Amino acid sequence: MGVEFIYPEFEVVRNYDRCIACRVCERQCANEVHFYSEERGVMISDEAKCVDCQRCVSLCPTRALKIVKSDSTLRENANWQNDTIKEIYKQANSGGVLLSSMGNPKPLPVYWDKILINASQVTNPPIDPLREPMETQVFLGKKPSRIERGKDGKIKCELPPQIALSLPVMFSAMSYGSISYNAHASLARAATELGILYNTGEGGLHEDFYKYGKNTVVQVASGRFGVHEDYLNAGAAIEIKMGQGAKPGIGGHLPGAKIVGDVSRTRMIPERSDAISPAPHHDIYSIEDLRQLVFSLKEATQYKKPVIVKVAAVHNIAAIASGIARSGADVIAIDGFRGGTGAAPTRIRDNVGIPVELALAAVDKRLRDEGIRGNVSLVVGGSIRSAADVIKAVALGADACYVATAALLALGCHLCRTCQSGKCNWGIATQRPDLVKRLNPDIGSARLVNLMTAWRHEIMEIMGGMGINSIEALRGNRLMLRGVGLNEKELEILGISHAGE
Amino acid sequence: MRIPSGCAIAAVISRTGRRMTGGAIMEAMKPMHDRSNGLGGGFAGYGIYPDYKDFYAFHMFFDCRDTRKKCEAFLKESFEVVKGELIPTRKMPEITDEPIIWRYFVTPLRSVLADLQLDEKEFVARTVMKINVEMNGAYVFSSGKNMGTFKAVGFPEDVGVFYRLDEYEGYSWTAHGRYPTNTPGWWGGAHPFTLLDYSVVHNGEISSYDANRRYIEMFGYKCTLQTDTEVITYILDYLIRRQGLTLTEAASVIAAPFWSTIENTTNSYEKEKLRYLRTVFPSLLITGPFSIVLGFDGGLMALNDRLKLRSMVVGEKDDRVFIASEEAAIRVMEPDAEKIWAPSGGEPVIVTLKEGAF
Ligand code: SF4
Ligand code: SF4
């Protein structure tokens with residue numbers, strides 16, 4: 001104690017008039033905050049361990065609990081804020097790199113919130129999605145640049161492999177290991193029902209989920225965990241992960257504690273060994289090397305699967321994307337700096353990378369300036385929070401969006417941002433069987449289907465308002481967007497006008 | 001600045017290639033007077049320059065004599081100019097502030113084409129684009145062979161009188177009266193909009209504009225006017241001339257059938273083709289209300305958006321086919337017009353001259 005003590009961030013407030021000492025909270029909290037005092041006959045708590053995941057609050061039958069932010073604070077200081085000081089204490093105690101999870105929580109600009117959408121009035125009729133067809137299907141992949149005809153004059157209709165999506169959204173990469181079997185089952189089943197894709201992440205594909213292959217993106221990351229020929233051929237597309245928005249420039253680390261049983265088998269590494277993916281792919285040190293990997297994966301799958309290259313949004317993303325577009329990749333996925341993660345060094349998560357809105361606008365423009373936008377499709381992720389964000393991303397130029405955090409929220413995640421501990425009380429970011437079984441895949445997949453169905457309705461409604469009845473007429477249609485409170489430079493990069501213009 | 005507009009369109013063609021004066025099409029615009037507001041009108045006539053049919057007819061606006069001289073010098077670097085003259089007009093109180101209006105009959109020099117390794121049409125199209133984007137005060141508003149557009153700020157019927165269209169004879173004519181809700185009233189902004197022998201008149205406001213524009217600009221087109229008609233013209237030029245699609249195929253790109261319709265198509269090649277074209281050219285789908293008439297060498301194509309949000313009717317009499325926003329306009333051209341019908345959304349009506357008719 002003494003100099004090492006940091007006052008707990010949260011306080012557990014229990015209303016003893018309501019508490020019946022049923023001990024539900026005790027059983028529900030994997031962080032062991034609540035316990036029963038035989039001696040006093042009441043529930044008490046060790047709030048120092050609480051991460052504010054709201055599990056006990058949600059399950060308390062008498063609504064006796066609430067978690068509040070502690071008001072015991074250090075003296076206010078605009079420069080040396082509470083969190084900053086506490087992080088220094090932590091590092092002075094441990095000597096270690098700080099770890100965090102989920103996306104960057106800092107108050108950096110969210111450009112989506114400074115972009116507004118157009119609607120039709122008088123000169124052009126809005127379309128009622130309840131009465132008229134409204135199309136949200138998209139096809140991701142390379143588009144041929146020339147129409148060719150056979151000797152009979154008929155158009156040769158062979159297309160490079162495409163990914164068909166019923167709406168411009170996919171569930172993005174979260175590995176089996178970082179999230180649970182039941183979370184994967186929920187995502188896979190929902191993607192199948194919705195006609196979209198989910199992504200295995202870098203941990204391989206559990207044998208039970210091969211049957212959802214048509215709706216699966218199989219990922220190949222620098223650790224190459226669980227990669228073999230059947231795996232590559234199991235999915236609808238292959239994704240090469242070059243980087244992740246939450247931690248550009250570094251690899252991944254799944255602690256040995258999570259590498260148990262099926263996770264170890266699926267990753268093809270021994271139990272309890274740390275799964276460390278290196279920062280670079282050790283066979284990719286340049287764009288030519290990437291090209292070789294793209295084509296070896298295509299060879300391994302007889303050119304039947306589109307290859308996605310996923311990169312983090314970094315400073316010179318436009319030039320990088322232009323290189324990838326010429327590497328033979330079919331889709332580029334750009335992950336913004338607010339993207340989630342199961343674990344990342346705090347400093348990197350909070351300070352490295354750029355907002356995906358700006359990255360997307362710059363890449364889309366660059367590829368068009370070079371006349372190669374048709375070579376690739378663009379998918380963006382890194383905190384797509386709602387149907388409105390999807391609409392704005394598509395209008396800026398994206399073909400589709402990747403969502404992960406929103407999907408986890410649908411499964412019950414309460415954004416406590418402690419996934420790295422492996423004690424997720426909602427059965428998501430954990431491998432502890434007693435916790436995993438809290439997430440019922442029947443309910444989980446139904447909730448994901450609900451969420452995406454709601455988004456689809458909202459997308460159709462907003463499109464109809466703009467007088468657009470097919471999503472492809474929205475893609476890159478930046479005239480449908482206006483900025484508010486943005487400076488000239490920001491507007492220039494986004495390629496949009498200011499509201500009122 | 002984007003310019004929304006609502007408009008009137010009309011067109012007539014003789015399938016046997018019989019030449020008609022511009023008189024009838026001028027009359028056709030009168031009953032639709034209320035659809036225009038005097039801020040723009042124009043016509044395109046096909047088969048009007050038989051004596052110069054092998055030369056590209058450039059119709060141009062200039063702001064002053066100097067610009068004209070400069071532009072002529074520029075043209076002569078790569079074209080043989082067989083004739084250059086003022087386009088004859090009538091002075092009239094309804095039409096004022098006219099620019100210098102001139103026409104040239106030109107053909108690109110073989111040596112230049114060989115040097116650049118370009119086909120003739122591509123070179124002409126690039127030259128037109130270059131003048132319109134780079135040469136201040138000069139504007140090519142018509143550039144096809146044996147055809148010409150005539151446009152101005154004013155009501156369409158006055159614009160026709162101004163350009164003395166009753167003195168031209170062509171096998172097909174299109175006309176446009178514009179109701180821009182917001183325009184500075186520049187002559188170049190009136191319709192038809194043309195490139196090479198393609199001319200487009202259009203009624204509507206498309207909601208896919210910027211998606212279409214940003215895609216088509218990848219292929220060397222520059223949308224300087226920010227009007228729907230300009231982008232539609234470029235899309236059709238790209239699909240038909242550069243990608244070699246047929247008119248029907250091009251129509252199935254810009255007014256693509258719904259996916260559900262495609263899936264229910266019984267002819268398997270047809271189904272595969274529709275699916276293919278829609279997947280390859282998603283960014284050229286045009287949404288929002290439109291009815292257009294595309295004029296080209298030897299025919300006309302009329303097309304509505306796939307929901308048919310704008311009116312358009314077609315009628316026939318003997319060798320002639322009529323197209324207009326309102327039946328009244330057809331009745332003015334031909335009181336006894338028969339088979340008046342309204343084509344359904346996304347269904348192209350293509351009328352071409354009989355083999356060897358012209
Ligand atoms: S960690 Fe979660 S379950 Fe435990 S006390 Fe805190 S809010 Fe409740
Ligand atoms: S997944 Fe679990 S541990 Fe991670 S933020 Fe959500 S609730 Fe917390």
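Salt bridges, domains and the chain interface

The side chains of A:Arg265 and A:Asp262 meet in a salt bridge, with N and O 2.6 Å apart; a salt bridge here is a side-chain nitrogen of Lys or Arg within 4 Å of a carboxyl oxygen of Asp or Glu. This is a predicted model, in which local features need pLDDT of at least 70 and side-chain atom pairs count only at pLDDT 80 or more, while totals for chains, interfaces and linings use all residues. Residues are numbered from 1 along each chain as its sequence is written, chains are lettered from A and ligands numbered from 1 in the order in which they are written, and side-chain values use heavy atoms, with hydrogens and water left out.

A:Arg265 and A:Asp262 are three residues apart in helix α6 (residues 262-267) of chain A, so about one helical turn separates them. Helices (H or I, at least four residues) and strands (E, at least two) are DSSP runs, numbered from the N terminus. A:Arg265 is partly exposed at a relative accessible area of 47%, and A:Asp262 is partly exposed at 29%. On this scale buried means under 20% relative accessible area, exposed means over 50%, and partly exposed lies in between (1.4 Å probe, protein chains only).

Over all chains, a search of the whole structure finds 54 salt bridges. One of them joins the side chains of A:Asp283 and A:Arg224 at 3.0 Å, N to O. A:Asp283 lies in the loop between β14 (275-277) and α7 (287-300) of chain A, and A:Arg224 in the loop between β11 (216-220) and α5 (229-234) of chain A, so this pair ties together parts that are 59 residues apart in sequence. A:Asp283, at 38% relative accessibility, counts as partly exposed, as does A:Arg224 at 28%.

Another salt bridge links A:Asp335 with A:Lys310, whose closest N and O atoms are 3.8 Å apart. A:Asp335 belongs to strand β16 (residues 331-335) of chain A and A:Lys310 to strand β15 (residues 307-312) of chain A, so the pair links distant parts of the chain, 25 residues apart. Here A:Asp335 is buried, with a relative accessible area of 9%, and A:Lys310 is buried at 6%. Elsewhere, salt bridges that share partners join A:Asp364, A:Arg368, A:Arg373, A:Asp399, A:Arg475, A:Arg478 and B:Arg214 into one network.

Chain A can also be read by domain. Its domain assignment gives domain 1 (2-96) and domain 2 (138-147 + 166-498); such bounds come from an automatic or database domain assignment. The contact between them takes 13 residues from domain 1 of chain A and eleven residues from domain 2 of chain A, where contact means heavy atoms within 4.5 Å. The C-alpha centres of the two domains lie 34 Å apart. About 1,100 Å² is buried between domain 1 and domain 2 of chain A, with carbon and sulfur atoms giving 47% of it; buried area is the accessible area (1.4 Å probe) that two parts lose on being put together, summed over both. A:Ala30, A:Cys53 and A:Arg55 supply 48% of the area that domain 1 of chain A buries against domain 2 of chain A, more than any other three residues.

How many salt bridges are counted between domain 1 and domain 2 of chain A? The count is one salt bridge. A:Arg347 and A:Glu87 meet through their side chains in a salt bridge of 2.9 Å, N to O.

The contact takes 41 residues from chain B and 44 residues from chain A. Between them the chains bury about 3,500 Å², 57% of it on carbon and sulfur atoms. B:Arg214, B:Met218 and B:Tyr276 supply 21% of the area that chain B buries against chain A, more than any other three residues. The rule finds five salt bridges across this interface. A:Glu472 forms a salt bridge with B:Arg278, the closest N and O atoms being 3.0 Å apart. On the side of chain B that touches chain A, α6 (209-216), α7 and α10 of chain B each supply at least two residues, and α10(B) gives the largest share, eight residues.
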